[in-house]
Amino acid sequence: MPEHTIASREQWQAARDELAELEGEQAKRNEEIKRKRLELPWVPVEKEYEFDTEDGKKTLAELFDGRSQLLAYNIMFGPDYTLGACPGCTSLGDGLDGTLVHVNHRDVTLICFSRAPIEQLTAYKRRMGWQFPYVSTYDTDFPFDFGLALTEERAQQIPELKQMIDDPPEWLEEWSQQVGAELKDGLRENPSWIAFARENGTVYHTYTVSAPDPFVAPYFDFLLERTPKAGSPEPRAWRKDEYPD
Amino acid sequence: MTGHRIGTQEEWQAERDALLAQEKELTRRNDELAVKRRALPWVPVEKEYEFDTADGRKTLAELFDGRSQLLVYHFMFGPSYEAGCTVCSSIADTLDPQVVHLRARDATLICSSRAPLEKLLAYRERMGWSFNWASTAGNDFHRDLGLAHTEEELRPFLEGDIPPTVEQMAEASGTDVAGYVSEGPGLSVYALADGTVYRTYVSSARGLEPAMAYYGLLDRTPLGRHEEGEQTHWLRRHDEYDTA
């Protein structure tokens, strides 16, 4: 017999109905937050940025690819990572291609950013079999201006970060080995979603959300929240071609 | 100029920080919900179900494929459908790449539908998916979960005003409204312990919104979903959009 409480279908249904109330309340709160997101002011982006893409240099406006909204996920893949992007971010990336064509038809261009040079991103994209456009912010101020990366100086000023680098938990040491970078370099990238609007030739920054928000997690977390057994509380992740057997 | 309110970086940051506090509260409550879901009692599945799969007939226990947790997405593809439901297809687009990640976390993710296996496999090939797709033809698996309805049960709905999107979706699946709504979408979750299968969680309809990953993305864009006033649904199968 499992350790878990066993019940009849009727008992389960009663407990399920109670939970459904709470799920319904949570959905209402989410509606409220969605509305507030849409009410945030838009901030004009006045600085000019140029990015390396698979199709050559592009400005921020050009990344919209003719659409009026740009949504980007910033994958932790800094210039010092010798073995590829963060495995957790990579797992999130695996889910994006399934949504690409759908959001494209809602006037949204979906891309990913990383700070490693474009050659590294393109090779990694090929290895993972991804389709979404992958844009390099290498050698631009963009990630620093928008909170997607920390400069070395800034990183040293954050006590929590210094603590993690000086005394990392075991999973974080493993993570450092997975990406092939020292934590002092590796932890300078900030996994985030960032959104922009474009109207009459002006680009506006509209929204950013960063870890530990659950939206900055692989899609399968939504499924794992519904499985009977709790997984490890540690954010260990593997690339899909590197799972231990 | 845009119709939207324009602000300075400082104004944006102040409002963003206020919203972040609410987002964090939502996250905290979400974590509580996950704990409560796991506290639900388990119900032994006493009925014997047999499914048609690409690897032959399988029992529910066999669908776990050696793992201790099974997630089943109940994909709307009824016997009268010519093609799977458009919305379920868009969900499956995102579910498919998760299978490998879940497998490594002791969870098997599959889809099940009431149409015969040959139809499911042909459609799976068209859509380029690789998840295991079980046909429940000949068993009451969906029916027992309240995810399959008889025309008798549907009569009040069918005699009322049918929303245009339902007609649109029925037509897109090559069936009529009665045939289309005989199926319901759902997610059911099971644990396997000492040879017994337990049902642990079931969710349907509105509870499945997180499965529509594109909505999560649109909810973070400047314009949101902006679906109000649209008479037909914008969603298409991934190979049916007009090239834009």
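Which residue in strand 3 of chain B is the bridge partner of B:T53? The partner is B:G56. This is a predicted model. In it, 69 residues of chain B are in contact with 70 residues of chain A.

- Chain A has 10 helices and 8 strands.
- Chain B also comes to 10 helices and 8 strands.
- The C-alpha trace of chain A spans about 65 × 45 × 35 Å along its principal axes.
- For chain B, the C-alpha trace spans about 65 × 40 × 35 Å along its principal axes.
- Chain A holds 245 residues, and buried residues make up 37% of them.
- Chain B holds 244 residues, and 36% of them count as buried.
- Take the contacts in chain A between residues at least 6 apart in sequence: 64% of these join residues at least 24 apart.
- In chain B, 64% of the contacts between residues at least 6 apart in sequence join residues at least 24 apart.

**A hairpin in chain B**

- Strand 2 of chain B covers residues 50–53, and strand 3 of chain B covers residues 56–59.
- These two strands run antiparallel and are joined by 4 bridges.
- A hairpin links strand 2 of chain B to strand 3 of chain B through 2 residues.
- The opening pair belongs here: B:T53 is bridged to B:G56 in strand 3 of chain B.

- Strand 7 of chain A runs over residues 192–199.
- Of its 8 residues, 7 are buried, so strand 7 of chain A is largely enclosed by the rest of the structure.
- Strand 4 of chain A (residues 69–74) is joined to strand 7 of chain A by 6 bridges, and the two run antiparallel.
- In that pairing, A:Q69 has A:A197 in strand 7 as its bridge partner.
- Strand 8 of chain A (residues 202–210) pairs with strand 7 of chain A in the antiparallel sense, over 8 bridges.
- Two of the pairs can be found by eye. A:W193 has A:V209 in strand 8 as its bridge partner, and A:S192 stands opposite A:S210 in strand 8.
- Strands 7 and 8 of chain A form a hairpin with 2 residues between them.
- A:N200 sits in the turn and has a positive phi of about 45°.
- Strand 8 of chain A also pairs with strand 1 of chain A (residues 43–44), in the antiparallel sense over 2 bridges.
- There, the bridge partner of A:P44 is A:Y204 in strand 8 of chain A.

**B:W42, a buried tryptophan**

- Where is B:W42 found? B:W42 is in the loop between helix 1 and strand 1 (43–44) of chain B.
- Is B:W42 buried or exposed? B:W42 is buried, because 21 other C-beta atoms lie within 10 Å, and 20 or more is the cut-off for buried.
- B:W42 and B:V197 are 155 residues apart along the chain, yet their C-alpha atoms are separated by 9.2 Å.
- Leaving aside residues up to four places away in sequence, B:W42 touches residues in both chains.
- In chain A, B:W42 touches A:P2, A:H4, A:T5, A:I6 and A:P228.
- In chain B, B:W42 touches B:A191, B:Y198 and B:T200.

**Where the chains meet**

- Which element gives the most to the side of chain B that touches chain A? Helix 1 of chain B does, with 17 residues.
- By class, that side of chain B has 34 nonpolar, 19 polar and 16 charged residues.
- Helix 1 of chain A and helix 1 of chain B each cover residues 9–39.
- Their axes come within 10 Å and cross at roughly 160°.
- Angles over 145 degrees count as roughly antiparallel, and the two helices are therefore roughly antiparallel to each other.
- The crossing of helix 1 of chain A and helix 1 of chain B is left-handed.
- Residues of helix 1 of chain A in this contact include A:L19, A:L22, A:Q26 and A:I33.
- Residues of helix 1 of chain B in this contact include B:L19, B:Q22, B:L26 and B:L33.
- By class, the contact between these two helices has 6 nonpolar, 4 polar and 8 charged residues.

Definitions and conventions
Residues are numbered from 1 along each chain as its sequence is written. Chains are lettered from A and ligands numbered from 1 in the order in which they are written. This is a predicted model: local features need pLDDT of at least 70, side-chain atom pairs count only at pLDDT 80 or more; totals for chains, interfaces and linings use all residues. Axes are lines fitted to C-alpha atoms, for helices over the stretch in contact, and angles run from 0 to 180 degrees between N-to-C directions. Angles under 35 degrees count as roughly parallel, over 145 as roughly antiparallel, 65 to 115 as roughly perpendicular and the rest as oblique. A crossing is left-handed if the near helix is turned anticlockwise from the far one by less than a right angle, and right-handed if clockwise. Two residues are in contact if their C-beta atoms, placed from the backbone, lie within 7 Å. Ala, Val, Leu, Ile, Met, Phe, Trp, Tyr, Cys and Pro count as nonpolar, Asp, Glu, Lys and Arg as charged, and the others, Gly among them, as polar. Two strands pair if DSSP finds at least two bridges between them. A residue is buried if 20 or more other C-beta atoms lie within 10 Å of its own, exposed if 12 or fewer, and partly exposed in between; C-beta atoms are placed from the backbone.
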